[in-house]
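Trainee: I am new to this one. Pick one part, look at it closely, and then lead me on from there.

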Amino acid sequence: METYFGTYAYDTLRVVEFPDSEGTYATAFANNLHLSEIRFVSNPGNDNDKIDLAYYVSSHELIHHWWGSTFIPARAKGASMLTESITEYFSLKTYERFYGNARARDFLRLQHKRYWRGHNNESGMEPPLYLVESPQQYVSYGKGTVVLHALSRIIGEETFNQILSDFYHAHKEAHPPYPTSLDFIHHLRNVLPDSLTAYVHEQFMAVNYFENEITDARLTASQDDYELEVNLKASKWGLDPSDREKQPQALEVDDWMEIGFYDEQDQLLETSWVKVASGNSFLTFTLKEKVARVQLDPHLLLLEKDREDNEWLLE
């Protein structure tokens with residue numbers, strides 16, 4: 001964090017545990033991180049056991065020293081995107097550096113589950129990310145983490161972190177008017193290539209999701225390599241804020257998607273990006289090594305209701 005956002009303001013950092021009877025929350029005051037004791041307890045029947053809660057929550061609260069304390073957004077819709085979403089994104093990256101890619105994917109899977117749980121239980125109209133409010137944590141934490149992670153994957157983590165750094169330093173310790181989520185989107189549009197303008201709009205300013213499926217895959221060996229044929233079915237849906245019935249509307253798919261190829265030890269060998277249209281796509285890949293499994297969206301970049309049919313085991 002210090003590389004991009006400046007030196008931590010204190011020489012020491014303390015983690016203060018308080019009893020569950022006082023609450024289950026976590027927060028930061030100056031160089032004190034206050035965590036409920038529940039954050040140090042594992043529940044064998046809970047998905048949170050797949051991640052180190054104490055490490056994750058402490059990291060999250062520490063990152064708020066920069067995003068939420070030094071950088072303060074305007075008190076408006078979308079403020080949580082500039083504090084919680086960005087903080088949660090860096091929590092994911094910190095977790096990845098400490099525990100590795102596999103454990104970080106567990107973290108990201110929980111964010112997907114968090115989003116869909118809130119999405120399915122939403123009694124009102126789900127806002128796009130740039131209009132999220134504090135109570136809608138399934139959007140700010142869940143969707144926000146996925147969206148920022150995806151953008152960093154597409155343009156490169158170093159490039160994306162530098163974009164965040166430039167925005168932070170332009171607005172830290174600012175006086176009114178304070179920055180808004182629209183300021184951040186304008187910043188993205190100014191620095192990203194035009195080819196990503198539509199992508200930024202869909203991710204930040206719309207409520208869309210995919211329903212994709214690998215319907216068949218066949219591997220053929222030749223003398224020097226392998227040919228893999230993959231049949232993929234893709235659809236995209238969007239919610240119209242003016243529709244009180246909240247009926248998803250079919251959208252045209254014209255998106256780049258990542259395909260992952262795994263060996264018999266389930267190690268990722270390589271990935272390939274393909275342009276996918278609505279309906280059925282028939283894709284062919286030439287590979288140097290034998291593949292045992294093919295996976296659509298191996299890095300969890302897409303918001304999708306059912307991911308179980310995104311893979312195919314090859315004989």
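Mentor: Take the open sheet of 4 strands in the order E8-E7-E10-E11, with antiparallel pairing. Strands here are DSSP runs of E with at least two residues, helices are runs of H or I with at least four, and both are numbered from the N terminus. Two strands pair if DSSP finds at least two bridges between them. The edges are strand E8 (268–277) and strand E11 (311–313), each pairing on one side only. From one strand to the next, the twist averages 20°. Angles run from 0 to 180 degrees between N-to-C directions, and axes are lines fitted to C-alpha atoms, for helices over the stretch in contact.

This is a predicted model: local features need pLDDT of at least 70, side-chain atom pairs count only at pLDDT 80 or more, and totals for chains, interfaces and linings use all residues. Residues are numbered from 1 along each chain as its sequence is written, and side-chain values use heavy atoms, with hydrogens and water left out.

Look inside the sheet. Strand E7 (residues 254–262) joins strand E10 (residues 293–296) through 4 antiparallel bridges.

Now follow strand E5 (residues 226–238). E5 runs antiparallel to strand E4 (residues 208–221), and 13 bridges join them. The two make a hairpin, with 4 residues between them. Ile214 faces Leu232 in E5 across that pairing. E5 also pairs with strand E9 (residues 279–287), antiparallel, over 9 bridges. There, Lys233 stands opposite Asn280. Strand E6 (residues 249–251) is another antiparallel partner of E5, over 3 bridges. Gly238 has Gln249 in E6 as its bridge partner.

Compare a second open sheet. Its 3 strands come in the order E1-E3-E2, and the pairing is mixed. Neighbouring strands are turned by 20° against each other on average, direction ignored. E1 and strand E3 (residues 32–36) run parallel, joined by 5 bridges. Val15 has Leu33 in E3 as its bridge partner. Helix H2 (residues 53–63) packs on this sheet, touching E1, E2 and E3, and its direction makes about 140° with that of E3. Contact means heavy atoms within 4.5 Å.

Next, the helices. H3 and H6 pack at an angle of about 145°, with axes 13 Å apart. Among the meeting residues are Leu82, Ile86 and Tyr89 in H3, and Phe160, Asn161 and Leu164 in H6. The contact residues divide into 7 nonpolar, 1 polar and 4 charged. Ala, Val, Leu, Ile, Met, Phe, Trp, Tyr, Cys and Pro count as nonpolar, Asp, Glu, Lys and Arg as charged, and the others, Gly among them, as polar.

Stay with H6. Its buried residues include Phe160, Ile163, Leu164 and Phe167. Buried means under 20% relative accessible area, exposed over 50%, partly exposed in between (1.4 Å probe, protein chains only). Those buried residues of H6 pack against helix H1 (2–5), helix H3 (79–99), helix H5 (137–155) and helix H7 (181–191). After H6 comes Glu173, with a positive phi near 50°.

Finish at His112, in helix H4 (residues 101–121). His112 is buried, because its relative accessible area is 5%. Beyond its neighbours within four places in sequence, His112 touches Val146, Leu300, Leu302, Leu303 and Arg307.
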